[in-house]
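Biologist: Please show me the structure, and let us then go through it by question and answer.

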Amino acid sequence: MDRRDFLKILGITSGTMMVSSCGVDKASEKIIPYVIPPDEDVYPGNPLFLNTTCTECPANCGMQVEINEKVYHDVRSLYPTKLEGIEGHPLNEGTLCMRGQAGLFRLYSPDRIQRTMMRHDQGNFRVATWKEALTRIEEGLNRAKQDGKKNAYFSGRTTGSLSELIDRFCRNKDIERLPEFEVFSYANIKRANEMVFRRPQIPKYHIEKADFLLTIGADIFETHISPVSHSWRFARARKNENFSWYHVEPNLSLTGVQATRRLSLRPRSEMVLLTFLLQTVLEQNERKNNPGITIVRSLPNYPLDEVSSLTGISETDLRSLATSFGNAKKPLVIAGGVSTAHQLGLEVAVLTSLLQWIMAMTDELVDFSQAESYESIGTFKDVESLNEQLDQNTMGVLFISRMDPVSMLPAVFKFSRQIKKAQLTVGLSDHMNDTVRECDVILPLSHSLESWGDSQPCRGLTNVIQPAIDPQYDTRSEGDILLQLLNNESTYKNFLFEKWNKNYGDAGTKEMLKTGYRSDPVPKVMVSFNTLAVSSFVRHMEKPNFNYGVVLCLSPSIRSYDGRSRDLKLMQEIPDPLSTISYGGWISISPLTAEYFRLKDRDEVELTAQEFSLKLPVKVQKHLSDNVVMVQRDLIPVPLTAVDHRSGEASWYVPNISLQKTGVVLPVPILSGSMEENHRGILPPDDDHGHRHDDEEHPRWYPEHEHKDYRWGMAIDLESCIGCNACTAACYVENNIPLVGLKEHLNGREMSWIRIQPYYDANDNFEFVPMMCQQCDNAPCEPVCPVYASYHNPEGLNVQVYNRCVGTRYCSNNCPYKVRRFNWFDHRLVEPLDKMYNPAISVRGRGIMEKCTFCIQRIRAAKDHAKDENRLVQDGEIIPACAQTCPTEAITFGNMKDTESRVYQLAQSERAYHALEELGTEPAVNYLGKRGNNHEA
Amino acid sequence: MKKGIAPAIIILYIFSFMVFVSLIGYFWQQNRKTPKQPINFSHQLHVSRVGLACTHCHYSVEKSPAAGIPPVQTCMNCHQAVATDRPEIKKLTQYWEEKIPIPWKRVYVLPVRNYVYFSHKRHIKGGLQCVNCHGNVEVMPVIKQVPELEMGWCVSCHRVKNAPVDCATCHK
Amino acid sequence: MKPKDMKEPEYNQRLEQDILQALKNPSPFYWVAVFTCASFFAIGLLTWLYQMLKGMGVAGINNPVGWGVYITDFVFWVGIAHSGTLISAVLFLFRAKFRNVFNRSAEAMTVFAVMTAGLYPLIHLGRSWFFYWLFPYPNQRQLWVNFQSPLIWDVFAVSTYFTISAIFWYVGMVPDVAIVRRYASGIGKKIYSILSLGWSGSKRQWRHYTRLYIFLAAFATPLVISVHSVVSWDFAMSIIPGWHTTIFAPYFVAGAIFSGTAMVLTLVIPMMKIFRLERYITVDHFDKIAKVLLFTSLIVTYSYLVEFSLAFYGGHKFEESHFLYRLLGDYRYLYWTMLFCNSLFPLTLFIRRLRRSIAFLFIMSLFVNVGMWLERFVIIVSALAKDFDPYNWGIYIPRWPEVAITLGSFGMFFMFFLIFTKVLPVLAITEIKEEAVE
Amino acid sequence: MKINYSFDEKRKFLAKLEELVKSGIAREKINVFTPYPVHEAEELLKIKNSPLRFFTLFGALSGLLFGFFFTIWTSLDWPLIRGGKPIVSIPAYIIVAFELTILFGGVISFIGFLLLSGLPSAGKIAAPEDYGNQFVIHIENEGEK
């Protein structure tokens with residue numbers, strides 16, 4: 001053979017070696033067509049979309065699932081790869097929170113329970129068939145009948161058809177259906193509303209319509225009832241120029257630092273503040289409704305100075321609060337969270353409701369007609385009574401479904417031991433958790449993305465739950481299980497469809513399945529004020545006592561809700577927005593406390609209260625009051641907490657704790673190098689330092705390069721950004737960003753393409769700056785790359801060509817924003833998590849630099865679509881994952897060449913500036929600074 | 001004489017080894033290009049003899065990045081009646097009756113697919129013919145990969161047709 | 001040096017004898033040394049392999065500190081490579097005769113140091129197996145390299161530097177190899193004859209030879225300057241405070257010569273002792289070389305001062321905070337050590353007696369080597385550790401692979417040098433002869 | 001037949017050489033072998049400056065030109081914007097061109113040297129012509145050619 005052929009062969013061999021080294025074993029790979037093509041126009045290679053419901057927390061937002069072929073041209077490999085909000089959904093308006101975005105990590109979790117299991121005599125589990133398990137339950141029920149014991153069904157919050165089915169099941173098998181268990185039961189609020197308005201409900205708060213918002217301890221952006229909904233409503237309200245928002249709290253919350261004015265007050269003193277406000281509005285005759293003289297009389301009367309001394313809020317602040325409250329046309333007061341969860345929590349709730357009524361918020365802003373469905377939720381009192389029942393050994397079969405009371409209840413409940421007292425305990429769960437481990441029979445539940453269902457998070461709204469993928473394991477939906485236990489032939493799906501067709505008709509059902517939800521008109525509810533109850537309550541209100549020394553506050557966590565979302569691996573990878581700690585636990589203490597105990601970040605302390613002690617590293621947190629130490633409740637075994645017997649609400653405080661420095665310094669992944677920005681040009685420049693952005697400032701050496709049709713740009717409104725990290729989560733899932741784990745985080749090797757940087761501004765207030773690749777026009781990273789892996793494309797994107805990168809890391813060194821991420825190892829998602837990989841973007845191997853490219857795969861798709869209709873991409877057609885899921889629409893993406901586009905308009909605003917402007921990198925990302933600092937006077 | 005032998009052997013050995021490796025590589029490659037398919041389907045027969053259009057079977061080629069492999073149903077439309085007695089068609093009918101898809105072996109694969117985006121739709125809409133990349137399928141009893149699908153191959157065509165040569169067009 | 005009374009013939013005779021003595025029967029000590037170096041080298045290579053298979057993460061580098069020990073070593077070795085050519089070329093052009101006793105080993109040092117340095121850019125690549133993408137060669141992808149990138153400048157500078165130094169070294173050696181040829185026997189003789197290209201010292205050969213040598217020297221001199229300037233631009237061309245400064249080129253060149261000269265001392269002193277070459281390498285030579293050392297040390301110290309004064313005179317907040325960090329931050333001890341080694345300790349060379357004490361100079365040279373390594377480390381790491389955006393400030397601590405590979409590189413360098421001393425004339429015989437009669 | 005003189009000291013050698021030159025023997029007929037370059041001898045024999053410099057010049061120039069041509073051509077061959085700088089950014093390319101100038105210059109002068117001084121010569125490698133530390137003078141007379 002002549003030389004050329006020879007070389008060709010060599011080339012081929014080397015080629016094959018390359019290929020096999022890439023791990024694509026072509027010889028074995030199959031392409032699998034449909035047997036029968038799906039009737040509607042579905043084509044292999046195009047993503048499918050499906051509307052369903054997010055079940056990560058009780059809020060039940062509407063959720064759109066994107067389904068993709070994992071293996072090109074293999075129809076067997078259709079998997080959900082991305083979750084988004086449903087456009088225009090009444091709850092979440094097309095957005096999701098970080099937990100919702102990470103939902104796939106539950107679906108594909110390696111810790112899913114894959115088989116039914118039964119405890120055999122030796123006490124440990126063995127795999128069983130469904131038949132065995134169900135018969136075992138049958139026997140259990142029969143035995144209970146014989147022994148004359150009663151059975152109970154104990155579940156997490158359940159709404160919609162499933163609730164009905166459970167009722168039917170319980171009636172049929174004479175099982176007592178216990179009040180449902182939620183850690184965040186809002187018992188006090190419900191009790192208060194029952195007292196004041198005769199409605200044991202939680203209203204919907206129309207924040208968007210308010211012009212003044214006062215939140216008392218309510219963490220409306222983190223866990224309070226429906227965070228996403230609150231977020232976008234807040235964003236709407238913010239549009240109003242003279243909207244102002246006071247947040248009062250004893251601890252430090254993400255919500256708090258977002259308020260235009262945050263006042264931290266002494267724990268338990270909220271009622272004093274509220275009475276003060278009540279008095280002022282009553283005096284100023286601001287009242288819209290008259291509570292009646294008795295109540296006015298019986299309100300305790302605190303002079304300003306006393307209020308100030310009791311609450312710990314300065315008189316000036318109190319005055320300014322009172323005045324702006326008084327001047328407000330549509331004020332709204334929301335109490336909740338840590339403020340309604342202590343021995344005077346009920347007082348706080350009642351006074352709030354009273355205030356709401358007096359200021360006629362109940363006419364519009366506090367809406368009982370769309371009340372959240374929390375009626376079926378029980379309280380800690382109910383759990384106590386359950387415990388008593390168990391103690392009497394009268395419990396036959398105990399069903400525990402979709403929750404983990406063992407790890408969520410305080411240790412004193414000894415629940416893990418208690419549930420053993422039932423003859424038979426049946427645990428239904430998708431994840432292995434402390435509760436099901438104690439059960440006798442474990443029934444693996446399908447994830448909501450694998451099953452049918454519906455839910456009614458609030459009045460007048462029905463969400464559909466429909467499967468996006470067949471059950472991956474031998475699991476079943478709760479509905480199907482119950483039907484089988486009822487020896488009912490039909491499936492839960494049929495059950496649902498019968499019901500839907502009955503209620504909504506055939507067309508209605510189809511429509512609902514398409515949109516994913518259905519909202520029905522609800523009759524307007526006019527609340528009636530219960531003067532008697534209130535006056536008597538107010539008369540007997542006790543004065544707050546502050547005999548708690550240093551108090552440990554168990555605050556809810558945005559990352560894990562009440563702890564249930566700890567199962568989502570991603571939630572540990574993304575840092576807590578306030579402390580920027582990713583993995584592991586910590587307690588937050590105030591700078592003064594730190595000074596007193598000579599503590600620095602990462603020092604370990606021992607907390608001790610009666611029959612409770614724990615060791616954790618500390619994080620010093622400005623703005624936290626000195627007699628409060630704060631820990632997120634999901635990070636620790638829940639300590640003994642008093643239960644208020646008027647309402648059943650558990651206290652979230654541990655009084656009289658003592659700290660002690662152990663002298664150990666622990667490795668804690670605090671991702672932020674420093675929160676002090678001191679005018680480095682990342683925060684909005686205030687007048688004396690820095691400078692507003694205009695192009696004259698940077699004389700250009702070289703002619704500006706041409707952008708033909710597009711120049712992609714982004715605008716980020718720091719005023720709207722609430723630091724909720726939803727964007728980060730969305731980015732992780734959309735872009736196949738690897739999870740690297742604690743060890744790498746300690747080495748400072750986190751991989752997130754977008755991060756929420758908390759900084760203290762000139763007045764020491766928190767500011768969140770979302771930082772991702774700025775797509776600089778004069779990008780420092782580009783000229784230094786020896787192999788053109790990083791270059792500027794004609795559309796103004798700073799492209800990173802992954803398989804051209806040789807990994808010099810020079811670009812990362814030279815990036816002033818340090819937003820480039822290097823693959824230090826081959827980080828692959830472990831089976832089966834890798835099913836969620838987005839096929840539209842590569843999975844980067846070791847030694848490759850990666851970074852944000854404004855979701856270039858979405859840009860490509862949109863351009864592709866536009867080209868079919870041969871037109872240019874229109875404004876709003878492309879939405880990067882971060883912008884898409886931002887509940888407050890802080891992020892806007894678009895074409896800077898198009899002067900009509902929203903992003904262009906925003907870039908022109910006088911609030912617009914570039915991060916590190918003085919470097920002259922000419923970023924494509926414009927930040928919009930906060931309108932004047934009306935934080936501190 | 002004695003001296004000469006050792007080097008000669010060594011050289012001979014090295015040379016034969018290289019040839020050996022190359023041959024293995026060559027045939028492996030060949031095999032990859034024409035793997036044994038579950039049903040030996042002849043494009044030649046269906047295109048030149050029966051005269052089917054490519055899009056008749058590869059139905060999504062204008063609608064999605066993937067060309068679309070025909071559902072078994074599409075085959076059965078004709079083969080309910082046509083040539084039902086042939087052994088290969090019997091196999092087909094079996095698949096159809098058991099309602100399991102035919103596990104075709106993949107022939108065309110981009111070298112480092114993980115990093116590259118390719119859309120059939122765009123190329124067809126851009127006025128390219130299937131032949132341009134897939135060769136004269138109508139004369140192939142057994143389909144096989146014609147071009148190496150290397151970057152240079154794509155780029156040169158893109159340049160000629162002045163399609164975009166911006167890296168981001170194809171690299172993902 | 002040639003004693004006055006001695007006649008030229010026997011002097012030349014003795015000279016050749018003395019120097020060729022070095023090439024004879026290695027002592028067991030020598031073998032031990034070679035073996036130790038070789039094993040270090042091997043360990044280094046294995047570590048590199050491990051790093052390639054596992055991923056860059058086995059090293060300590062992280063985000064934000066993307067460059068650490070590897071790049072430090074690179075700069076260090078390139079620096080070492082410098083005085084080789086400086087001593088032989090520049091001093092040759094200046095007719096500084098004291099060079100003759102140093103130039104051969106200095107040039108050898110250059111060649112080996114460049115070889116070592118050349119490895120580091122590959123070692124620090126995340127995907128070393130694609131290193132060849134850094135070279136502009138015609139390929140089916142129709143892609144070239146980015147000539148704007150300082151790293152590509154490095155590729156050209158370093159490879160050029162290696163080629164030219166190697167040629168220069170070899171050319172200078174041809175007549176000496178011819179002499180070795182005369183004394184060698186058997187297969188050795190064959191090899192030396194080939195290496196000597198059949199040199200006979202005819203007028204024609206000398207005529208072109210002398211020209212060539214001058215030209216090469218003339219090329220090498222600007223090359224020395226350019227190469228380390230380019231290396232310094234790897235940093236100066238970036239925007240990182242502490243890197244982005246105009247004085248880097250001269251600053252680095254001076255530093256390079258400084259460290260290189262030190263390394264020459266580190267190598268030549270033991271060599272002289274072992275091979276008993278005191279007769280030719282005299283205290284006067286060392287005195288002179290020590291002066292070079294002192295001079296460059298002063299330049300380096302000056303640059304340190306300039307760096308700081310620029311930062312604070314400029315009043316640029318990022319610069320200021322960076323230099324405060326360098327002085328008082330996490331790496332302060334390293335920085336202070338460096339100041340001592342490079343700026344304070346060499347001042348002792350103002351004392352003539354110390355300049356002329358071989359032992360002292362040897363210790364001094366070791367200190368300077370350490371100091372210069374630290375200088376590069378501090379510059380590279382401290383600048384990256386705290387740059388613009390406080391959120392991603394970090395700190396970098398080397399891990400064992402970095403240590404292992406660094407030791408490996410030293411092993412490689414010394415192994416080559418040891419072999420050199422046994423197979424090639426360690427002094428420039430011809431030039432010493434020439435010098436002797438004048 | 002050929003007349004040889006051999007000395008072991010430079011001084012004597014130069015004296016003899018001068019005498020020979022004076023005696024009117026054609027300079028090009030005199031060939032000398034020395035252990036190290038002897039400039040006096042070169043002067044006596046009026047040896048002209050080596051043409052090597054033309055090689056050097058040629059090498060250097062071609063290096064310079066190639067450097068610029070190559071860098072500019074490759075950047076234009078697939079133009080990619082880097083950091084908002086022009087596609088052809090000469091300042092950067094100067095460096096590459098400079099290095100190539102030296103590289104080519106050096107290598108080509110070395111090759112030139114080999115050509116001019118007839119090295120390596122197989123014959124001399126096989127049978128080395130070596131006079132040790134002797135200064136040798138050869139005079140070829142007509143009888144030779």
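Biologist: In which loop is A:Phe529 found?
Modeller: This is a predicted model, in which local features need pLDDT of at least 70, side-chain atom pairs count only at pLDDT 80 or more, and totals for chains, interfaces and linings use all residues. Residues are numbered from 1 along each chain as its sequence is written, chains are lettered from A in the order in which they are written, and side-chain values use heavy atoms, without hydrogens and water. Helices (H or I, at least four residues) and strands (E, at least two) are DSSP runs, numbered from the N terminus. A:Phe529 lies in the loop between β20 (517–519) and α20 (531–539) of chain A.

Biologist: Is A:Phe529 buried or exposed?
Modeller: Buried means under 20% relative accessible area, exposed over 50%, and partly exposed in between (1.4 Å probe, protein chains only). Because its relative accessible area is 13%, A:Phe529 is buried.

Biologist: How many residues of chain A and of chain C take part in their contact?
Modeller: Contact means heavy atoms within 4.5 Å. The contact takes 55 residues from chain A and 53 residues from chain C.

Biologist: How many salt bridges does the rule find across the interface of chain A and chain C?
Modeller: A salt bridge is a side-chain nitrogen of Lys or Arg within 4 Å of a carboxyl oxygen of Asp or Glu. C:Asp387 forms a salt bridge with A:Lys818, with the closest N and O atoms 2.7 Å apart. Across the interface of chain A and chain C, the number of salt bridges found is 3.

Biologist: Which element gives the largest share of the side of chain A that touches chain C?
Modeller: The elements giving two or more residues to this side are β29 (755–760), α25 (810–814) and β33 (821–822) of chain A. The largest share, 5 residues, comes from β29(A).
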